[in-house]
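Please work through the exercises below with the sequence and the coordinates open beside you. Each one sets a task and then gives a solution in steps.

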Amino acid sequence: MRAALDEAAAAAAAGDVPVGAVVLDAGGAMVARGRNRREADGDPTAHAEILAIRSASGTAGGWRLDGMTLVVTLEPCTMCAGAVIASRLGRLVYGAADPRAGAVGSLWDVVRDQRLAPVPEVIGGVLADESLEAIRGFFSGRR
């Protein structure tokens, strides 16, 4: 999660909402990183999770990320939750819950919907206070 928080800080420094993500292989080695780049790229799909998953797929040599773990600072939205399922990630670890757009239990629970397979392991609340503080600090500076 610390590496994901570093990515979030880099996103904020570039003017994007501070969300960061990393993908770990089955042995725990980092194989990909991502940070929000919606503003930088002018791309509504440039969420940290999507960019990290794309990078991990390139490293893995294919779209199936079985046995890998996505670590992200904020609960994924519906688009990103769908990408977790589509890429077959084995585990999702996230920091802060997102009551406004979260799709891993806050508003919806796309990732654990038994009709979609495979269902990854989900661990939430890891360094949640630090993840939330990064977002609050970013938006308080903009008001």
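The model is predicted, and local features need pLDDT of at least 70, side-chain atom pairs count only at pLDDT 80 or more, while totals for chains, interfaces and linings use all residues. Residues are numbered from 1 along each chain as its sequence is written, and side-chain values use heavy atoms, with hydrogens and water left out.

**Exercise 1. Describe the largest pocket by its volume and its lining.**

Solution. Begin with the term: on a 1 Å grid over the protein atoms alone, a pocket is an open set of points where a 1.4 Å probe fits, with protein on both sides within 12 Å along at least five of seven lines, and lining residues have an atom within 4 Å of a point. The volume, which is the space filled by probe spheres set on points joined across faces, edges and corners, is about 580 Å³ for the largest pocket. Next take the lining, which has 21 residues, with V17, L74, D98, I135 and F139 nearest the centre of the pocket. Sorting the lining residues gives 12 nonpolar, 2 polar and 7 charged, where Ala, Val, Leu, Ile, Met, Phe, Trp, Tyr, Cys and Pro count as nonpolar, Asp, Glu, Lys and Arg as charged, and the others, Gly among them, as polar. Finally, helix α5 (residues 128-140) contributes the most to this lining, with 4 residues; helices (H or I, at least four residues) and strands (E, at least two) are DSSP runs, numbered from the N terminus.

**Exercise 2. Find which members of the largest nonpolar core touch the most other members.**

Solution. A nonpolar core is a set of buried Ala, Val, Leu, Ile, Met, Phe, Trp, Tyr and Cys residues joined through side-chain atoms within 4.5 Å, and buried means under 20% relative accessible area, exposed over 50%, partly exposed in between (1.4 Å probe, protein chains only). Of the 29 residues in the largest core, V23, I53, L70, L89 and V111 touch the most other members. At least two residues of this core come from each of β1 (20-24), α3 (48-60), β3 (69-74), α4 (78-86) and β4 (91-96). A second, separate core has 7 residues, including M1, A4, V71 and V93.

**Exercise 3. Work out what the buried residues of α3 pack against.**

Solution. The buried residues of α3 are A48, E49, I50, L51, A52, I53, A56 and S57. They pack against β1, β2 (30-35), β3 and α4, where contact means heavy atoms within 4.5 Å. Within α3, S57 is buried because its relative accessible area is 18%. Leaving out residues up to four places away in sequence, S57 touches G62, W63 and L65. After α3 comes G61, with a positive phi near 80 degrees.

**Exercise 4. Is E7 buried or exposed?**

Solution. E7 lies in helix α1 (residues 2-13), and its relative accessibility of 7% is why E7 counts as buried. Apart from residues up to four places away in sequence, E7 touches G20, A21, R33, G34 and R35.

**Exercise 5. Locate the cis peptide bond and the residues with positive phi.**

Solution. Most residues other than glycine have a negative phi, and most peptide bonds are trans. A cis peptide bond joins A117 and P118, with omega about -5 degrees, and P118 lies in the loop between β4 and β5 (121-123). L127, in the loop between β5 and α5, has a positive phi of about 50 degrees and is not a glycine either.
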